[in-house]
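Student: I would like a close look at a single part of this model. Please take it step by step.

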Amino acid sequence: MLVILANIFLPVFFKSKPIDTSEFEEFVLNFEKSQKVYRDSIEQQGLIQNDKLKYESKLTLFPFDPNNLPKSQWKKLGLSEQQIQVIKNYESKGGKFYTAEDLKKIYSISDEEYLTLRPFIRIKTEDKTEMPSKQILNPFIFDPNTVSEEELKEIGLQEYIISTFLNYRKNGGQFSNTEDIKKIYGITDDLYTQLEDYVHIAEDTAFIAKGTLERSGLIIEINSADTLDLQQLQGIGPSFARRIIKYRDLLGGYSCHEQLLEVYGMDSTRYANIKNHISIENKSIKKININKATIKDLIKHPYIEFYLAKSIITQREKIGSYSSLKDLMDASLIYDELFYKIEPYLTIDES
């Protein structure tokens, strides 16, 4: 009876206090938002290249015009029977490919397969008679110093632009960086935006531009450079310069040259052209004090995800505080390669 009466009357005299979970809910919301940012950042840092490499190994790549391409050629490219049948059904209903992006209309072709195939798509000019008024190009990787007239036509440039382009070169004009193609009459901002990521200028065609340093002696300090400084580097236009600085801000500064390969769109060719023309000043790197940082502070860095941040905090609580960055090696989830990757961005100093 006493036990029964206690269960009845105890809640009346001893009411439990409501638990305020608002702070925790806010933390979870912010964490989810930050993870989305980091996922986008990681994709931009080149992890998407893994999917491209997978499809490149699956596909047999060669230049092709998707319009009326025989089944045997689609099969040679590496597409399945089902994918080919979808393409042929599209054509039988009057469908045409006017631009490379039209291939994305084929639902059976994944985004990764499209990105792998796109540089090899060559659509003939005569197949574009019904294109909309806004000119859409079919760009592929080219060197403006050596690209042929036929290749410029395949890209989709109009005759008067091609003529101006070739005359510019014929009269001694050269292209030292991507932005130089803006010198060509008829290359609008819209056309330039479509072309800029496909321009690759060979090292041996670089020259000394008026008012700039000789490329062989040009050195840019990457952690203090602005977008104009970066555009002096071969193959780096405004878009790439902004990406380099955006990723620099996420990191807190570059600690080694190879981190540039993590910038979205940076390939080995472009990197090879600029790596000898950049320097890195590590003193300007922004560091996180691991004796004071919260989980929120740690996960702001693109190299530190939630569980790693939690492991760092747990180890700190276990030992009281870090007396050396090497103490991190005792934390769970920390291995040698990861430690040396994040070490430049961590500190135990009070300053």
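Which residues does Gln194 touch, not counting residues up to four places away in sequence?

Tutor: A word on the source before the residue itself: this is a predicted model. Gln194 touches Gln135, Ile136, Leu137 and Pro139, once residues up to four places away in sequence are set aside. Gln194 itself lies in helix α8, which covers residues 189-195. One of the residues it touches, Leu137, also takes part in a polar pairing: a polar atom of the Gln194 side chain lies 2.8 Å from the backbone nitrogen of Leu137. Gln194 has a relative accessibility of 18% and therefore counts as buried, because the cut-off for buried is under 20%.

Now for the setting. The protein has 351 residues, and buried residues make up 44% of them. Its secondary structure comes to 14 helices and 4 strands. Among contacts with a separation of 6 or more, 57% are between residues 24 or more positions apart. The accessible surface is about 20,300 Å², and carbon and sulfur atoms account for 54% of it.

Leaving aside neighbours within four places in sequence, Ile236 is in contact with Thr178, Leu230, Gln231, Ala241, Ile244, Met266, Arg270 and Ile274.

Two residues in that list, Ala241 and Ile244, are also among the buried residues of α10. Since 10 of the 14 residues of α10 are buried, the helix is largely enclosed by the rest of the structure. Its length can be checked as well: at 1.5 Å a residue, the 14 residues should span 20 Å, and the end C-alpha atoms of α10 are 20 Å apart, so the two values agree. After α10 comes Gly252, whose phi is positive, near 95 degrees.

To return to your residue: Gln194 is buried at 18% relative accessibility, and its side chain has a polar atom 2.8 Å from the backbone nitrogen of Leu137.

Technical notes:
Residues numbered from 1 in each chain as written. Predicted model: local features only at pLDDT ≥ 70, side-chain atom pairs only at ≥ 80, totals over all residues. Heavy atoms only, no water. Helix = DSSP H or I, 4+ residues; strand = E, 2+ residues; numbered from the N terminus. Buried < 20%, exposed > 50% of the residue type's maximum accessible area, 1.4 Å probe, protein only. Contact = heavy atoms within 4.5 Å. Areas by Shrake-Rupley, 256 points an atom, 1.4 Å probe, with all protein chains shown as cover. Polar contact = N/O pair within 3.5 Å; in protein donor to acceptor, adjacent residues only side chain to side chain. Expected span 1.5 Å × (residues − 1).
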